[in-house]
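Thank you all for coming.

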2 protein chains.
Amino acid sequence: MQAGATTTPPDEDGYELWLRYRELPAAARRTLRARAGALWLPAQPSALLMSAATELQRGLGVMTGRALPLRRRLAAGQVVLATPASLPTLRKAGVPLDDLGDEGWLIRSTVLGGKAILLIAANSDRGLLYGAFALLRALATGADVPTLDQRSAPRLPLRFLNHWDNLDRTVERGYAGFSLWDWWKLPHIVDARYTDYARANASLGINGVSLNNVSAKPEMLTTAFIHKAAALADVLRPWGQKVYLAIRFTAPMELGGLATADPLEPAVARWWRGKVAEVFAAIPDCGGFIIKANSEGQPGPHDYGRNHAEGAKVIAQALAPHGGTLIWRAFVYAAENPDDRAKQAYDQFTALDGQFEPNVLVQVKNGPIDFQPREPFHPLFGAMPRTRLIGEFMVTKEYMGFSTHLAYQGPLFEETLKSDTYRDKPGPQAGTLVAHTLAGMAGVGNVGTDRNWCGSHFDQANWYVFGRLAWDPLGSAQALAQEWTLQTFGDAPGLVKAVTGMVMPSREAVLNYMTPLGLHHLMDTGHHHGPGPWVGNLARPDWNPTYYHRAGPDGIGFDRSASGSNAVAQYAEPLHSLWGDPRTTPDELLLWFHHLPWKHRVSTGRTLWQELLVRYDAGVASVDTLRKTWAGLAGTVDARRHHEVSQYLAQQQREAQWWRDACIAYFMNASGQRLPAGVAKPTRTLAEYQALRFDYAPGRGG
Amino acid sequence: MQAGATTTPPDEDGYELWLRYRELPAAARRTLRARAGALWLPAQPSALLMSAATELQRGLGVMTGRALPLRRRLAAGQVVLATPASLPTLRKAGVPLDDLGDEGWLIRSTVLGGKAILLIAANSDRGLLYGAFALLRALATGADVPTLDQRSAPRLPLRFLNHWDNLDRTVERGYAGFSLWDWWKLPHIVDARYTDYARANASLGINGVSLNNVSAKPEMLTTAFIHKAAALADVLRPWGQKVYLAIRFTAPMELGGLATADPLEPAVARWWRGKVAEVFAAIPDCGGFIIKANSEGQPGPHDYGRNHAEGAKVIAQALAPHGGTLIWRAFVYAAENPDDRAKQAYDQFTALDGQFEPNVLVQVKNGPIDFQPREPFHPLFGAMPRTRLIGEFMVTKEYMGFSTHLAYQGPLFEETLKSDTYRDKPGPQAGTLVAHTLAGMAGVGNVGTDRNWCGSHFDQANWYVFGRLAWDPLGSAQALAQEWTLQTFGDAPGLVKAVTGMVMPSREAVLNYMTPLGLHHLMDTGHHHGPGPWVGNLARPDWNPTYYHRAGPDGIGFDRSASGSNAVAQYAEPLHSLWGDPRTTPDELLLWFHHLPWKHRVSTGRTLWQELLVRYDAGVASVDTLRKTWAGLAGTVDARRHHEVSQYLAQQQREAQWWRDACIAYFMNASGQRLPAGVAKPTRTLAEYQALRFDYAPGRGG
C-alpha cells in the first residue's frame, strides 16, 4: 500500500502478522469508501457474525480512514454480510451459493434491490467470517473493488493446528519462545493475545486447534485443566475454532486409579465415558481428542495386546454420543528394532483399514520417516480407502534450521499434496493426488510467546501457507507467497518480486546445505540442531544418522529397493518400479531409496561424490543470494524488521557453512573420497565439529 | 497528561512501563517548547551520552510534539547535556556540582552565557544519563518548567538487579513468563527488547544486572555462554549497567575437570584465574560474579572444610586484577537441622567480619528467613562493620500472591530500610538505620517475557520502587507510588489519589489474609502458592509450615525469646529486650518472636484468636475495597488495562478468601478454638483445602 513511498516506513515488530491493515492510496480509498460506508448486519447477529463484523470494522476502518457504523437497514454503499436466511433477497437475486457448502463464501461488488453494495454472502455465519477475511485479503493484495467477484469453499472439512505445548509452557520443537497458553492464570485470567491468535487462524480458515502436546501428560484431563481449556475454547469459538485435547492412553490409570488401561476392560470404557462427559459439560462443542499411542515411549493398546483400532474404539465410542472425534496418529514405531522404520506405519495401519470407528480420523505425517526437509509422500496416502485420513505437516522447523533459517515450506507442502499416489479412485483423474486422499490437514504449529509469534518474521509465511493450503490443498505455494508478502511487507515497487524470489527457492537451499540427493536424518542428536552425520551410538539403530545414510567406502544411501528393505514396494505402480531402480529415481530421492557407489553417475553427469559437493556449495551460495537480495530492500522494508531479518540471515549463512563443512569433512572421512581441485576445504577439522556442544538448546519439550 | 479528558483513553498493553511519554497539554507544551527546541551535545559524545540524547529526543519529542535536532552550538531554547569537562562555562557560572559525585545530576531552567536553557549537568556522562531520565520524569509528573531546579545523587554505589533466570529460560520464582534472555539465539541475534529493558533500568539508576540464577549451572561459564553474556553486556553498557554472572562453586570440577573445588588448592586458584581472564577478555567491564554457596543444595567451601571467607578469597583474588567484584550471598543454612534457621546466617557471618577480601560484598536478605511478607530486619545489618553489605530484596512476589495479587512492596522495603539497628556508627544519629549500613541494594527481579514485563500492570510498581529506593533508600514509598502512578496511568482527576489509595495499604491486606501478627512461611510446599499451614511432613523440619507457626491447643507462634531459640539476642539493645518480651513486641511481629496462648491479649484488647479472625476478615475486605476503587476508574484508565487489572483483582479476591478460609479451618482444628458468633465459617472443609492440587505451577525453576 506504500507504492511510491520514498522514505523508510515506520518500524514494525511483526505482531500484526498478515492482518496488517493500512490506509489505502487515495484513489483506492475513495473507491472503497463509496462501497464501504457502513456495515449491514441482521438483527441479533451470532458471535461468529460479530467476529466478522468487528474484523471488518477494524480492517476497512483503517483502509478507508473512516469508521464503519453497523446498520440494519440495507442501503447503497454498504458492506453487506448476509446468508439466504438473514437476507432472503439473495436467493431472488440469484446469488449463486449452492456449491459453497457450509463454510464457503462469495464476495462481490453488486447491485441488490437497486442498491450498489459490497456483498459478502455465504450459507452460514461461519462462511461469512471467512468471507470477511477474504475481502480484507483481497483489498490488501490490490483487488479492484468495482469488479470484485471471488468465491471459494474449502476442499477439506478439518483444518487443524496442533500445538505441541506442554503444561509447563515449554513447547516440544518450539522455537518461538514458550506456549501462548498461560495455564497457571487460566481459566479466570484470559490474555488478550489469545484473541489475536484466534483471529489469525480464522483469517486462514483454520477450524480446529489441539491445545497440548501429543506426547501428552495425564493432567490435561484433570478437572482443573479441563476448565482452563474451556476458557480457551470460549475465546476460539467466536472465531470458528473447536478445541481438541491431546490425551494419554493410560489416563484411566493415572487419573482414575484403575489397574489397567486395557481398552477391552469395561471399567476402562466406563472411565472414558465419564471423563468425556465431564469434558463436554465444560466444552459443549469440543472437537474431541488427539492421541499419540505406542510411539516414542507413549503408552498405547499394544501394551495390552490390542491393535490400534481396538485402542481407538473405546475412546471413540465414549466421544460419539457428544459428537466428538478421535484423531489417532499413525506416527508409530515398534519397540523392537525394525529392518526399516519407514515401513512400519504402512504395515500396521493398512491391515486395520475399515476397522476404525466412524468418528475416528487417522493422522498421517507427510512422509514415512519424520518431517525431513524432503521425503517421498507417505505410502499410507491412498492406501486406506475405508479410513478418513488427515495429512500431518510440520510448520515448526525442527529439521530445517529452527526459526533461525529462512525456509519457506510452501513448496514442501505443495510437493507432497500434489504427489500422485497412483491409487485410483472412481472418477476422471488418471491417479489420485495426495490432496485427494485427505479428509483434513494438520499442522504442527510454530507459534509461541515471541512478539512476532513465530520466532522470525519469515516463519510467519509458514503458518500462513499451511492454513491456506489446508483450505485449498491444490493451491500454489508461489501464489500464496505473493499473497503473504503483499499483506506482510506491502507493495512497494520491486518488493513482492524480491521477497517471493527469496522464499520460493529457500527450501531447496536448505536441502542442499543439509541433506541433498535424498539424504535424511543427518542432524545432531536430541536437539536436532546442526549436523551430526557421525552419530551412531544411540540405543536404537533407527535413532542414528549412520543408520540412515550408511556412508562408507563402498557408497552412500539407504537401500529401500528390492535388494534392501523393499520399502519401495509400499508404493503403487508405476512408482514402485520407477523408485525401485536408481536409473529412474529422481535425483532428489536417490539416496532415500538406494545405496550407491560414490562413482555412480547422477542425472547431471557428475558422480555422486561430485554432485554432493556441488549441492553443498550451491546451498551455501543460495544463502549468500538471500542476504544480497534482502540487503537491497533496506529502506523499502521498515528498519526494525529489516535489521532483524538481516541478523537471522547472517546466522543462517554461518550455519549453512557449518552444515556444508561438517558433512563434507565427515563424508570424506567415511568414504575415503578426496576433494577435487577448486572445492574449498572444511574450515575446521571433523573432530572439532564433533566436539561442539549445544547446552540448553530449545524445543526438547518435557 | 489527560486532565479533563472525557472519553476513555486508547488501549495500552503496558509495554511502555513508566516511560510512557505523552504529548503535554497545550500550555505546558508551549512552555516546554521554548526551552526544548534542540539538544546541545559536545562533539564526539560517548555511548552513555548518546543514550541520554536519544531518550530525550524520544520523550521530549512526544511531549512537545516536535523533533529535537542535535546541536553543537550552544543557543537559547536548548536542552543542554553538559559536564564541566564538556562545557567549562558550567564552572564559571557556578553551577553547583561538587556534591553530586560520579553519578548525581542537576536539572534546572537557567541562563548560561545570556542564553535561557534547560540544563542537565553532572560530573560524568553517567550522571547525565540519569539526569535525562530525571528531566523526563519531572515533566511527566507535572514539574513547572520555568522554575525547574532539582538535584540528586545516589546514596548507594551498587544498585543491582538479580535475575533468577535459568539457562533454559525458566525463571526460578518468575511469574511473568520466561527469561528475557533468548540464550539460544545469542550472541548474534539480539532482541530489540533488551534495549527497552536497559532503558527501564537506567531510568531508575540501576547500574548492575546479574543475568542468571544464583542457583547456578556450571555452563554459565562455558565459552559459548560467556559470549552470549557479552552480547547482553554490549546492550546494557550504553545504559550504564554492568553485567554480573552467577557462578557455581564447583565449576572447576564440572568445567575444568579438576578433582576438587577446594579453595585452598592451587589448581583451583589457577582455574579461576584462567576463567576470569576469559570472561574479562569478552566483557572488559564485567561487574564480577555472584555466588550462592552452601545453601539449598548449592556446593560451597563447607564441603571442603573451609569457611565462607576462605571460599570467597580464591575467586575474589582472581577477579581483583580485572577490577571485578565478588558478591557472596549470606542466605545460607546448614545441612544439619538447626534449632532455628533464622539464626544461622548471623552466627556464621559475624564470625567472619573483617576476613573477606576487599573486593567481596556480602549480600544479605532483608530478613532472617526468606522474603516473607513481613520479617524483622536481618540482624546482620549493622553487625558486620568491617564488611560491605548489600541488602537483598525480593521484587518478584514468591510469597505474596505471585504476579496475580496486587501488593505494592514499597512499604515493605521502606519498613526494612528505615528500621533502626541501634548499631551505632560514629556520627550524629542516635542509632543507624538499615539503609545506613548498606553498600548496595539488590532486587530479585520480576521481569519476564510477558508483554507487560512483570506479569501484571501493578507489579511494574515493584520494579519501580525497588530501583528508586536503591537510588535513595531513605525515599518514601508513598511519594514513589504517586510518581509511578502519574507516569503509568496519567493525571486524570482523582486517579492518582485513587491508585495510591489502592497500592499503599495493599501489602497490609496481603499480610492480613495470609500471615497476620508475625506468622510466616504458611504457604504450600514447593510452588509456594496458596495456604499450606498443615504441611509438616517434609524432610527438613525447617521446610515445614508447622515448624514456623507451632500452632496447637496451647497456643501459636515461634518462641525466639530467651525461653526459646533466643534468636532475639542477635539484635542490639533496646530491640533485644523489647522484642524479647511479648508485652513490648509490636503486634505485627508478635508470633515471629513468641509462642503465646490463644487467650493472650494483644494491643487491641482482643485475644490472639479473636485478633487472628479479625485480621483474616480485614484482609479479605481490603481486596473488596481494592476492587471497588478500581471499578470506579473505568473510563479513566484505558479499557484494556482496566479490564486486565479487574480480572486480576477478581482472582485476588477468590484467593484471599481461600487463604482466610483454609487458615482458619486449619487453626480451628489445630487449636480446638471455635468461631465466635458472627464470624463466617470457612466455605469448604479442611480436608478439601488439603486435597487441592496445583500441577505445573510456575516459578519452580530448574
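This is a predicted model: local features need pLDDT of at least 70, side-chain atom pairs count only at pLDDT 80 or more; totals for chains, interfaces and linings use all residues.

Let me begin where the two chains meet: between chain A and chain B there are ten residue pairs in polar contact, with both residues at pLDDT 80 or more. A polar contact is a pair of N or O atoms within 3.5 Å, where within protein one must be able to donate a hydrogen and the other to accept it, and where residues adjacent in sequence count only if both atoms are side-chain atoms. Residues are numbered from 1 along each chain as its sequence is written, chains are lettered from A and ligands numbered from 1 in the order in which they are written, and side-chain values use heavy atoms, with hydrogens and water left out.

Between chain A and chain B the count of salt bridges is zero, a salt bridge being a side-chain nitrogen of Lys or Arg within 4 Å of a carboxyl oxygen of Asp or Glu. On the side of chain A that touches chain B, helix α20 (residues 639–671) gives the most, with six residues; helices (H or I, at least four residues) and strands (E, at least two) are DSSP runs, numbered from the N terminus.

The contact takes 36 residues from chain A and 36 residues from chain B, where contact means heavy atoms within 4.5 Å. About 3,100 Å² is buried between chain A and chain B, and carbon and sulfur atoms give 59% of that; buried area is the accessible area (1.4 Å probe) that two parts lose on being put together, summed over both. Phe178(A), Trp184(A) and Tyr696(A) supply 26% of the area that chain A buries against chain B, which is more than any other three residues.

Over all chains, the count comes to 88 salt bridges. In one of them, the side chains of Glu398(A) and Arg173(A) meet at 3.1 Å, N to O. Glu398(A) lies in the loop between β13 (389–394) and α11 (410–417) of chain A, and Arg173(A) in the loop between β7 (158–162) and α5 (193–204), so the pair ties together parts that are 225 residues apart in sequence. Both Glu398(A) and Arg173(A) are buried, and buried means under 20% relative accessible area, exposed over 50%, partly exposed in between (1.4 Å probe, protein chains only).

A second salt bridge joins Arg199(A) and Asp196(A), at 2.8 Å, N to O; both lie in helix α5 of chain A, three residues apart, about one turn of the helix.

Finally, please look at Ser124(A), in the loop between β5 (115–121) and α4 (125–140) of chain A. Is Ser124(A) buried or exposed? With a relative accessible area of 16%, Ser124(A) is buried, and a polar atom of its side chain lies 3.0 Å from the backbone nitrogen of Gly127(A).
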